[in-house]
Number of protein chains: 2
Amino acid sequence: MSKEKIGITVSKNDDFSDWYTQVVLKAELADYAPVKGLIVLRPDGYAIWESIKKSLDEKFAKLGIRNGFLPILIPESLLSREKRHFAGFIPQVFWVTQSGESKLGDRLALRPTSETLAYSLYSKWIKSWRDLPLKINFWNTALRAEIKSTKPFLRTSEFLWQEGHTVHTSKEEAEKEVMNILQVYKSTIEKELAIPVVTGKKSEKEKFVGAVYTTTMESIMPDGKALQMGTSHFLGQNFSKPFEVKFADKDNVENFAWQTSWGVSWRLIGAMIMTHGDDIGLVLPPKVAPVQVVIIPIYYSDEEKQKVLKKANEIQNIFVKKNIRVHVDDREELTPGYKFHDWELRGIPLRVEIGPKDIEKNKVVLAKRHNKEKLDLSFDEINEKIESILDDIQKQMLVAAKKILEKMTRDVSNYDEFKSELEKGGFLQSPWCGKEECEAKIKEETGAEIRVIPFESENSSKKCVYCNEQSVSIPIFARGY
Amino acid sequence: MSKEKIGITVSKNDDFSDWYTQVVLKAELADYAPVKGLIVLRPDGYAIWESIKKSLDEKFAKLGIRNGFLPILIPESLLSREKRHFAGFIPQVFWVTQSGESKLGDRLALRPTSETLAYSLYSKWIKSWRDLPLKINFWNTALRAEIKSTKPFLRTSEFLWQEGHTVHTSKEEAEKEVMNILQVYKSTIEKELAIPVVTGKKSEKEKFVGAVYTTTMESIMPDGKALQMGTSHFLGQNFSKPFEVKFADKDNVENFAWQTSWGVSWRLIGAMIMTHGDDIGLVLPPKVAPVQVVIIPIYYSDEEKQKVLKKANEIQNIFVKKNIRVHVDDREELTPGYKFHDWELRGIPLRVEIGPKDIEKNKVVLAKRHNKEKLDLSFDEINEKIESILDDIQKQMLVAAKKILEKMTRDVSNYDEFKSELEKGGFLQSPWCGKEECEAKIKEETGAEIRVIPFESENSSKKCVYCNEQSVSIPIFARGY
């Protein structure tokens with residue numbers, strides 16, 4: 001149980017990739033499954049996912065979205081009905097070909113996404129305008145075989161996500177829904193996970209296969225690579241036509257419906273680890289931490305032990321009444337130092353240390369995980385201030401992450417500069433003529449993609465960073481995960 | 001929109017099976033998926049599952065059980081490590097043999113249950129007694145190809161369930177966990193779903209493949225067939241040995257751990273539909289109803305409409321404050337009669353009717369779904385009594401179901417009587433010598449299985465209903481789903 005053995009043995013700056021994997025495994029968020037490319041979530045990892053789920057569920061409910069369940073198996077004939085969509089997914093589809101001892105007639109796909117299945121059902125369920133809008137969300141997993149090297153939370157062949165699918169009578173209403181969802185996502189990601197995002201559109205080349213357009217949220221990781229945090233797609237009538245999602249309007253005229261689909265995945269957990277973690281390990285924003293405050297009793301005799309544990313339990317009870325997730329670490333035979341280190345590795349936002357001397361002085365020591373600040377607080381103060389201290393930590397973590405995002409975002413209008421700046425990582429804001437040819441050339445020559453075209457940059461009259469022609473927007477270019 | 005079209009067209013007594021399917025589909029709980037044997041949950045069906053989940057999660061947390069995530073793909077080599085277990089499941093396993101365009105080296109099973117996967121991980125995670133007990137639950141789906149005819153919720157090739165897997169240092173602690181879980185299940189099923197169950201053990205022949213013994217809860221459906229409501233297994237060291245789930249005890253001696261596994265599935269929703277439904281449709285216990293009270297405003301003029309809607313919203317607000325799930329059905333162009341029928345079909349426990357005359361008289365009409373009782377209540381009374389009215393409905397539904405269970409349970413000690421009584425359906429309590437031979441003969445000759453050996457009947461000194469030798473217990477025999 002030496003520090004070396006359980007601690008992180010590499011610095012975040014020296015080897016980001018190894019650092020990340022060590023944090024995931026040693027903080028016991030996840031582990032590798034026996035099949036390559038698949039991971040398991042341990043209770044602390046899953047608890048973070050449940051926090052995200054709860055936050056989104058509450059916001060979805062306010063938008064009139066309800067949850068449902070779809071099976072994982074989709075017949076090939078259904079999956080292939082929207083041709084571009086199918087072509088986009090087919091290299092990654094897992095196929096079931098056998099059941100028990102018998103070979104299946106038609107092979108069945110493990111859901112890479114459920115548009116095709118959901119819409120074949122929607123077309124049965126929707127008869128008239130009365131049935132619309134129809135808004136259903138599905139919490140499930142999607143399966144896409146990853147050939148590239150996999151990374152827990154960021155690139156796995158099965159991932160936890162939610163996929164929402166809505167149907168509307170009008171284009172306007174559907175487009176509004178696309179934006180409402182993007183706002184819901186942004187709010188959860190910024191306010192709960194303390195990760196700032198840039199919202200905008202994907203380029204034609206990068207949009208979801210089958211969508212009219214894709215809106216997206218992008219963030220930048222400390223290693224300078226961009227990460228897509230979630231997408232909300234306007235599908236127009238691209239699916240309602242092949243899947244016959246039609247409704248009779250008030251005049252009893254039949255129309256094809258307007259649709260949206262949208263999703264975020266456990267990739268958000270990966271982004272949170274990368275954004276906030278440090279050389280000691282995980283750093284959790286209070287809102288999603290499975291344990292928000294850990295209390296460490298410190299004693300050297302049985303008499304002290306009794307006194308200290310009594311006080312620790314008192315403080316615990318105060319926190320429980322405030323709905324703070326608190327844990328008293330009363331494990332025997334482990335030193336306080338070992339415990340400090342254990343909970344720091346696990347990223348618990350606040351540690352309360354309490355020993356006999358503290359009790360005499362009517363105070364405790366508070367240690368903040370995110371900035372390593374320590375302070376003494378009287379028992380009264382801790383009762384009064386604990387909630388605002390947690391709130392402040394939550395806010396400070398977002399502010400710190402925002403500063404990094406800003407620092408890593410640069411305006412670049414010259415292609416040589418573009419290439420050299422790109423080597424430093426980060427977001428490059430560079431004017432673009434809108435032609436897929438320039439976008440493809442940039443990607444080919446530098447590895448940078450258009451990650452997002454920020455909404456506010458959609459009108460631009462500068463010169464394209466690649467061809468020098470009139471630009472139409474200022475996308476964010478970056479190399480990505 | 002005639003009554004015939006949306007209503008249930010067959011009586012529960014005349015054709016139970018068709019009645020059941022109609023209720024599932026027409027109350028919009030579920031629908032068939034394009035792949036035979038698979039179903040989809042619509043929002044009302046999924047909301048019931050979420051209620052069950054919430055109830056169990058709260059109770060699991062009190063037992064120190066946390067949730068995790070396991071991937072759906074299990075390598076064949078792992079699934080086959082416990083031989084009897086594998087042999088039991090293999091006829092029903094779906095196999096993935098292809099990913100994208102490439103054939104997989106080893107075929108991968110879609111999880112029929114996760115013992116093998118979970119325990120291969122547990123063996124890595126557990127080092128010493130400090131790591132125990134380890135208690136993790138997984139909310140996911142299991143896949144078992146159904147060859148027999150499928151039935152929504154009761155027999156489907158993919159089903160929503162939870163599977164819990166715990167590890168302990170001692171046999172005693174593990175066996176206690178098995179019973180704790182059974183109690184948790186019983187409490188949720190009786191208090192939330194209002195379905196009475198008989199708890200006890202499965203026979204050796206009927207136990208979970210790989211378990212030392214299986215405890216179970218059985219209920220009887222109105223058609224006289226038994227339904228297994230959930231099981232909690234004592235695995236002993238049957239899995240810890242092949243999977244090397246070992247721990248160092250306080251003296252640093254290595255031991256094989258003691259394990260349990262347990263699960264309930266969406267089959268509980270099927271049982272709830274069957275137990276409480278009637279010729280009009282679904283009848284929901286208030287605790288799991290997505291909407292507990294529906295308010296129907298009744299008016300014939302615009303002036304009345306305004307007045308009535310205002311009052312309806314007032315009452316709605318009162319209910320919302322009491323955390324009652326309430327809905328005002330203000331759909332235009334639909335008659336109150338149509339709405340009454342629609343919500344009755346959907347099984348909403350309470351309907352509040354409010355028209356201009358009611359407002360004059362300062363009262364509303366309350367209609368209870370489960371016993372079709374109607375009563376007038378003043379506005380004050382409704383405010384005071386609404387919660388106790390819902391509580392009473394919940395309790396009355398369980399009492400009614402208990403009466404049916406009692407009526408359908410008979411003591412039978414003679415084999416001729418056994419055969420004739422069996423034709424009437426229900427639970428037959430018959431002494432048994434404990435020999436698998438008699439059990440098998442009874443099954444072969446009558447189709448009746450030992451559904452459960454009630455705990456209180458485990459010592460019996462009567463004569464076996466089949467061979468007339470000394471009995472060891474009085475199991476419940478029945479034909480089952």
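1. Chain B can be laid on chain A by a turn of 180 degrees with a shift of 0.0 Å along the axis, leaving an RMSD of 0.0 Å; that is the relation of a two-fold axis. The copies are superposed by least squares on the C-alpha atoms of residues with pLDDT of at least 70 in both.

2. This is a predicted model, in which local features need pLDDT of at least 70, side-chain atom pairs count only at pLDDT 80 or more, and totals for chains, interfaces and linings use all residues. Residues are numbered from 1 along each chain as its sequence is written, while chains are lettered from A and ligands numbered from 1 in the order in which they are written.

3. Of the residues of chain B, Val96(B) comes closest to the rotation axis, its C-alpha lying at 2.1 Å. The same surface serves both copies, since 100% of the contact residues of chain B recur in chain A (contact: C-beta atoms, placed from the backbone, within 7 Å).

4. Chain B holds an open sheet of five strands in the order 16-15-17-18-19, with mixed pairing. Strand 16 (326–328) and strand 19 (374–378) of chain B each have a single partner strand, so one side of each is left without a neighbour in the sheet. Strands (E, at least two residues) and helices (H or I, at least four) are DSSP runs, numbered from the N terminus; two strands pair if DSSP finds at least two bridges between them.

5. Strand 15 (residues 293–297) of chain B pairs with strand 16 of chain B in the parallel sense over three bridges. Val326(B), in strand 16, is the bridge partner of Val293(B).

Notes:
Two residues are in contact if their C-beta atoms, placed from the backbone, lie within 7 Å.
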